[in-house]
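I opened my notebook with the sequence and the coordinates side by side, and I wrote down each thing as I looked it up.

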Amino acid sequence: MTTAIQLTPQDTIERALKLAAAEGAQGCVVLVAETSSANLRWANNTLTTNGAMRGSSVTVIATVGAGEGTAAGVVGRSSATDASLGEIVSAAVAAARESGPAEDARPLVDGTVGPGWDDEADETDVSVYESFAPALGEALTRAGKESRWLYGFADHGVTTLYVGSSAGLRLRQTLKRGYVTANGKSSDLSQSAWVGAATRDFTDIDPLAIDAELTRRLSWATRTVSVEAGRHPTVLTPAAVADLMTHMYRKLDGREAHEGRSVFSKPAGGSRIGEALSPQPVRFWSDPMLGGLETFPFVAAQSSGGSQSVFDNGLTLTATDWIRGGKLENLMQSRFTAELTGAPAVTPAIGNYALSVDGATGSVDDLVAGLDHGLLVTCLWYIRIVDPQTLLLTGLTRDGVYLVENGEVTGAVNNFRFNESPVDILARFTKAGATVPSFSREWGDEFSRTATPPLLVPDYNMSSVSQAN
């Protein structure tokens, strides 16, 4: 019986490229992702589980033909051994031959051997919680003594991505990401509050501070008030803003806008690039080197579609303003869609974003202090798109909607269903605080590299009262 040999990422790529050439492929790109993660889970004031996982994935992109007749085939697997790699490459080449010419076909990105190419994949384990876990234990003990309940989950992951191509590209990049999401509940479970945070290594996450904020929010809920649906002055925390703005970020697709299928389309055709979206000095941008939110500095595409193209793998990413001075500056573009739409630059998606308002300072508490009467919303969930043309979203509030009177939080109110567009919110908000790292409850486990300010929206549309509790 033959034992399957597990290949290193570098060997996987080099062998796949040779196999693809032997099968007659004119071009080939191979992506290998090595992942590891470690997590903690707690409930009822007790640490319940911890675990660690390892994973690997291989994507082979083979091209046949040349010029406008180039076709691509893409095959991905959860792992590859010496024995299975040939099958993966053969399947990719066969898929390319069976496909028609790819509309996004472009020459593969030239490259050389990047720094760290020969290094092994980085890993994480439960030792990442060396300082976090003891403080969490202290918070759990404190909650028990104060007759509160704590529930939560912490996860840390490391992805090392290797990209190689027949055009000489050899890139390696490691990304770390982590997050914690925590619920606090009253002793009778009638009230609940939520706090979340993103991190790279858990050295900047304080469970005692998270518990203190949960305790504060639960104390607000000792008084409950019934509030009717309608348009209310509303302070959105940075987390709630990220819940909404991540939807907007994902819809910054240049081709969709060009074809009249998005909120960024002009009624008469083309995109709204150059139009003012906000009277405020809003900046919305991405930068692979943004401090604390670092992400892959090159394109890593496992499929083509919209503004993404597998032919762009390895293309260098640079800081991109999507909105600047309140005006729409750029939409996401591959080399193909930039040419198709007449965009002045190739601006692929980047795995982070930040929203800021020039000159804005202060915190959530500062916005609350300036509000005579309204609501404070801490997070949103179950958000869905109602109308792509306006990016109208519907969703629910959860685990913390509070009444503000005379600059103070005076009680908890019922949950609501809302109908709002993040693009409209940028046009209507009247005050903002400082931009801080944020964690979206709706998107955070998938897209956690965000920074947003708190916002005051004078007429947030709470369309109906929700019975969710």
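The entries below follow the order in which I looked things up.

**Entry 1: the model and its salt bridges**

I noted at the outset that this is a predicted model. I then asked how many salt bridges a search of the whole structure finds, and the search gave 29. I reminded myself that side chains of opposite charge can pair when their charged atoms come close.

**Entry 2: D155 and R177**

I looked up D155 and found that it forms a salt bridge with R177, with 2.8 Å between the closest N and O atoms. I placed D155 in strand β4 (residues 149–165) and R177 in strand β5 (residues 170–185), so that I could record the pair as linking distant parts of the chain, 22 residues apart. Is D155 buried or exposed? I wrote down that D155 counts as buried because its relative accessibility is 7%, below the cut-off of 20%. R177, at 24% relative accessibility, counts as partly exposed.

**Entry 3: D365 and R216**

My next pair was D365 and R216, which form a salt bridge whose closest N and O atoms are 3.2 Å apart. Because D365 lies in helix α8 (residues 364–369) and R216 in helix α4 (residues 207–220), this pair ties together parts that are 149 residues apart in sequence. I checked the accessibility of both partners and found D365 partly exposed at 39% and R216 partly exposed at 30%.

**Entry 4: R398 and D399**

I then turned to R398, which forms a salt bridge with D399, the closest N and O atoms being 3.6 Å apart. R398 counts as partly exposed at 30% relative accessibility, whereas D399 is buried, with a relative accessible area of 11%. I also recorded a network in which E103, R255, E259 and R261 are joined by salt bridges that share partners.

**Entry 5: helix α4**

The 14 residues of α4 should span 20 Å at 1.5 Å a residue, and the end C-alpha atoms are 20 Å apart, so the two values agree. I listed the buried residues of α4, among them P207, I210, L214 and W220. At the start of the helix I found a side-chain oxygen of D206 that reaches to within 3.0 Å of the backbone nitrogen of L208.

**Entry 6: two domains**

I wrote down the division of the protein into domain 1 (9–213) and domain 2 (223–468). The C-alpha centres of these domains lie 24 Å apart, and their contact takes 36 residues from domain 1 and 35 residues from domain 2. How much area is buried between domain 1 and domain 2? I noted about 3,000 Å², with carbon and sulfur atoms giving 65% of it.

**Entry 7: contacts across the interface**

I counted three salt bridges between domain 1 and domain 2, and 11 residue pairs in polar contact across their interface. On the side of domain 1 that touches domain 2, the elements giving two or more residues include β1 (27–43), β2 (46–64) and β6 (192–199). The largest share of that side comes from β5, with eight residues.

Terms used: Residues numbered from 1 in each chain as written. Predicted model: local features only at pLDDT ≥ 70, side-chain atom pairs only at ≥ 80, totals over all residues. Heavy atoms only, no water. Salt bridge = Lys/Arg side-chain N within 4 Å of Asp/Glu carboxyl O. Helix = DSSP H or I, 4+ residues; strand = E, 2+ residues; numbered from the N terminus. Buried < 20%, exposed > 50% of the residue type's maximum accessible area, 1.4 Å probe, protein only. Expected span 1.5 Å × (residues − 1). Polar contact = N/O pair within 3.5 Å; in protein donor to acceptor, adjacent residues only side chain to side chain. Domains from an automatic or database assignment. Contact = heavy atoms within 4.5 Å. Buried area = accessible area lost by both parts, 1.4 Å probe.
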